[in-house]
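These are my notebook entries on one chain. I set down what I looked up, entry by entry.

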Amino acid sequence: MVLLYNMQPTDLRRLTPLLQRNGIVVRTIPKEQYAIPLNVLLGYKAPGKLLPSLGVELAEPMLVMHGFSSEQVDTVLALLRESSIRVDLKAVTTPTNLAWTSLQVYAELRRERESFLKRNG
């Protein structure tokens, strides 16, 4: 499954069928669900006491891949390149980040990017 965040409608209309044709389930996550842990969004854990939604949109698109082999990750990256859809913030779920909210994943991806740019800038 791919979770998509803050995608431009035209990019979403182009990317969703490409992913689906490759057998990938696509779920668009609205900003009202950004405070819900990934394991709840993915249906692995029942929602307990949830943080209230901040209703704040992410500053840029984000894509989270769940349950993917390295070949499937490569397929998604190739589809993004071929379709000229830019999503700088991409993640694969791990046992650790499954307990994170979408906002936490977003913050971590931004921190990682900033660190990378400082080292390689």
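**Entry 1: order of elements.** I read the elements from the N terminus on and found the order β-α-β-α-β-α-β-α. The chain has four helices and four strands in its secondary structure; helices (H or I, at least four residues) and strands (E, at least two) are DSSP runs, numbered from the N terminus. I then looked up the radius of gyration, which is 14 Å and close to the 14 Å that the globule rule gives for 121 residues, so the chain is as compact as a globular protein of that length. That radius is taken over C-alpha atoms, and the globule rule is 2.2 Å times the number of residues to the power 0.38.

**Entry 2: basis of the values.** I note that this is a predicted model, in which local features need pLDDT of at least 70 and side-chain atom pairs count only at pLDDT 80 or more, while totals for chains, interfaces and linings use all residues. Residues are numbered from 1 along each chain as its sequence is written, and side-chain values use heavy atoms, with hydrogens and water left out.

**Entry 3: the chain as a whole.** Taken along the principal axes, the box filled by the C-alpha atoms is roughly 40 × 35 × 30 Å. I looked up burial next: 40% of the 121 residues are buried, where buried means under 20% relative accessible area, exposed over 50%, and partly exposed in between (1.4 Å probe, protein chains only). The chain exposes about 7200 Å², and carbon and sulfur atoms supply 54% of that area; accessible areas come from the Shrake-Rupley method with a 1.4 Å probe, and for residues only the protein chains shown count as cover. Of the contacts (heavy atoms within 4.5 Å) between residues at least 6 apart in sequence, 72% join residues at least 24 apart.

**Entry 4: charges.** I found 15 positive and 11 negative side chains, with the centres of the two sets 4 Å apart. Lys and Arg count as positive and Asp and Glu as negative, while His and the chain ends are not counted. Each charge is placed at NZ of Lys, CZ of Arg, CG of Asp or CD of Glu.

**Entry 5: H66.** I located H66 in the loop between β3 (62-65) and α3 (70-82). Is H66 buried or exposed? H66 counts as buried because its relative accessibility is 14%. Its side chain makes a polar contact with the side chain of T93, at 2.7 Å. A polar contact is a pair of N or O atoms within 3.5 Å; within protein, one must be able to donate a hydrogen and the other to accept it, and residues adjacent in sequence count only if both atoms are side-chain atoms. Not counting residues up to four places away in sequence, H66 touches M1, L42, Y44, T93 and L98.

**Entry 6: the loop between β4 and α4.**
- T94 and G67 are 27 residues apart along the chain, and their C-alpha atoms are separated by 9.0 Å.
- A99 is also in the loop, which runs between β4 (89-92) and α4 (102-120). A99 counts as partly exposed at 49% relative accessibility. Leaving aside neighbours within four places in sequence, A99 is in contact with P37, N39 and Q104. I36 is 63 residues from A99 in sequence and 9.2 Å away in space, C-alpha to C-alpha.
- T101 lies in the loop too, and counts as buried at 8% relative accessibility. Which residues does T101 touch, not counting those up to four places away in sequence? I found Y34, A35, I36 and P37.

**Entry 7: Q33.** Q33 lies in the loop between β2 (26-29) and α2 (38-41). With 23% relative accessibility, Q33 counts as partly exposed. Q33 touches R27, L41 and S102, residues up to four places away in sequence not being counted. I also looked up Q33 and T101, which are 68 residues apart in sequence and 8.8 Å apart in space, C-alpha to C-alpha.

**Entry 8: positive phi.** N6, in the loop between β1 (2-5) and α1 (9-21), has phi near 50°, a positive value in a residue other than glycine. S84 is in the loop between α3 and β4, and its phi is near 55°, a positive value in a residue other than glycine. S84 is exposed, with a relative accessible area of 63%.
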